Amino acid sequence: MNNFEDPLPVKILNPWEVNIFIADNYRLFFRDGVIDDNGYYLYSSLFAADSKTGEIVAEKKMVEGYAKVAVSYDGKYICEYYEDSYRIYKFDNDVFIPLYSYHNTEYSYEICQFSYTNPNELILSGGNETVVFDVSTLREKYKVGGLFIVQDPITGNYACLDEFHNENSLLAIYDNTFDRILTRIPFSQYKYPHYFMKNRLIIYGAGYGAALDLTDYIK
């Protein structure tokens, strides 16, 4: 079970790079580049490799070296994002096609990821709001107050800080269309990684972890 057949090595200059995505078991996307003696990127590129052969099939130089990347699970859309801006590309026939760019003058982006249940939905969050952007129509689809924390990959439900989290320390669980809040729970340790699966929420704090079954509270 733990033995992989015919493992395929792919050369990455910076082995500590964590932004690696495999899409549809066909294309492998990763960011790589050249770093100077002080640890800063001189330049950075997004690569697409054939996950069957290891061959690099496409490369796109990033606007800045500190870019981060999000890829839709079907490998069709890529978002290159920074603190104050993002750029969306469509990946078609091994070509990065620019679709949309936006510069935000109000706040910095803390979260940028594609939905686990809809590859056309890009989740953007910063300041005290969460936006779901439809990359197929290039229009904002949903918008709520509060910082995005995590999405349930099975139900598509969203967990976001309550809009008034600084006052009430609550986490709001939304349905997968942001139409309604299903429940709210006390929540303060939002700087740690958390996991959400089939309405089971696993949260971490300083030296502790807790698992919450929200099934009975989500109707």
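The legends below describe close-up views of a predicted model.

**View 1. The protein as a whole, built from one helix and 19 strands.**
Of the 219 residues of the protein, 44% count as buried. The protein exposes about 12600 Å², and carbon and sulfur atoms supply 49% of that area. When contacts between residues at least 6 apart in sequence are considered, 33% of them join residues at least 24 apart.

With a relative accessibility of 1%, E80 counts as buried, because buried means under 20% relative accessible area. Its side chain makes a polar contact of 2.7 Å with the side chain of K60, and a polar contact of 3.3 Å joins the side chains of E80 and Y89. If neighbours within four places in sequence are left aside, the residues in contact with E80 are K60, M62, V63, A67, K68, S85, Y86, R87 and Y89.

**View 2. Strand 6, strand 7 and strand 8, paired one after another.**
Strand 6 and strand 7, the latter made of residues 85-92, run antiparallel and are joined by five bridges. A hairpin through three residues links strand 6 to strand 7, and within this pair Y81 stands opposite Y86 of strand 7. Strand 7 also runs antiparallel to strand 8 (residues 95-103), and eight bridges join these two strands. Here the bridge partner of F91 is F96, which belongs to strand 8. The hairpin of strand 7 and strand 8 has two residues between the strands, and in this hairpin N93 takes a positive phi near 55 degrees.

**View 3. S72 in the loop that leads from strand 5 to strand 6.**
The loop that holds S72 lies between strand 5 (68-71) and strand 6. Is S72 buried or exposed? S72 is buried, because its relative accessible area of 1% falls under the 20% limit. The side chain of S72 reaches the backbone nitrogen of K76 at 3.3 Å. Apart from neighbours within four places in sequence, S72 is in contact with A23, Y77, F114 and P119.

**View 4. E55 in the loop between strand 3 and strand 4.**
Strand 3 spans residues 41-50 and strand 4 spans residues 56-61, with E55 in the loop between them. Not counting residues up to four places away in sequence, E55 touches A48, A49 and D50. The C-alpha atom of E55 is separated by 9.9 Å from that of L28, although these two residues are 27 residues apart along the chain.

**View 5. The largest nonpolar core, which has 15 residues.**
The residues with the most contacts inside this core are L171, I173, F196, L201 and L214. At least two residues of the core are supplied by each of strand 13 (148-151), strand 14 (158-161), strand 15 (170-174), strand 16 (181-186) and strand 18 (200-205). Which residues does F196 touch, not counting residues up to four places away in sequence? F196 touches V150, Q151, D152, P153, N157, Y158, A159, I173, L201 and L214.

Note on methods
Residues are numbered from 1 along each chain as its sequence is written. This is a predicted model: local features need pLDDT of at least 70, side-chain atom pairs count only at pLDDT 80 or more; totals for chains, interfaces and linings use all residues. Side-chain values use heavy atoms; hydrogens and water are left out. A nonpolar core is a set of buried Ala, Val, Leu, Ile, Met, Phe, Trp, Tyr and Cys residues joined through side-chain atoms within 4.5 Å. Buried means under 20% relative accessible area, exposed over 50%, partly exposed in between (1.4 Å probe, protein chains only). Helices (H or I, at least four residues) and strands (E, at least two) are DSSP runs, numbered from the N terminus. Contact means heavy atoms within 4.5 Å. A polar contact is a pair of N or O atoms within 3.5 Å; within protein, one must be able to donate a hydrogen and the other to accept it, and residues adjacent in sequence count only if both atoms are side-chain atoms. Accessible areas come from the Shrake-Rupley method with a 1.4 Å probe; for residues, only the protein chains shown count as cover. Two strands pair if DSSP finds at least two bridges between them.
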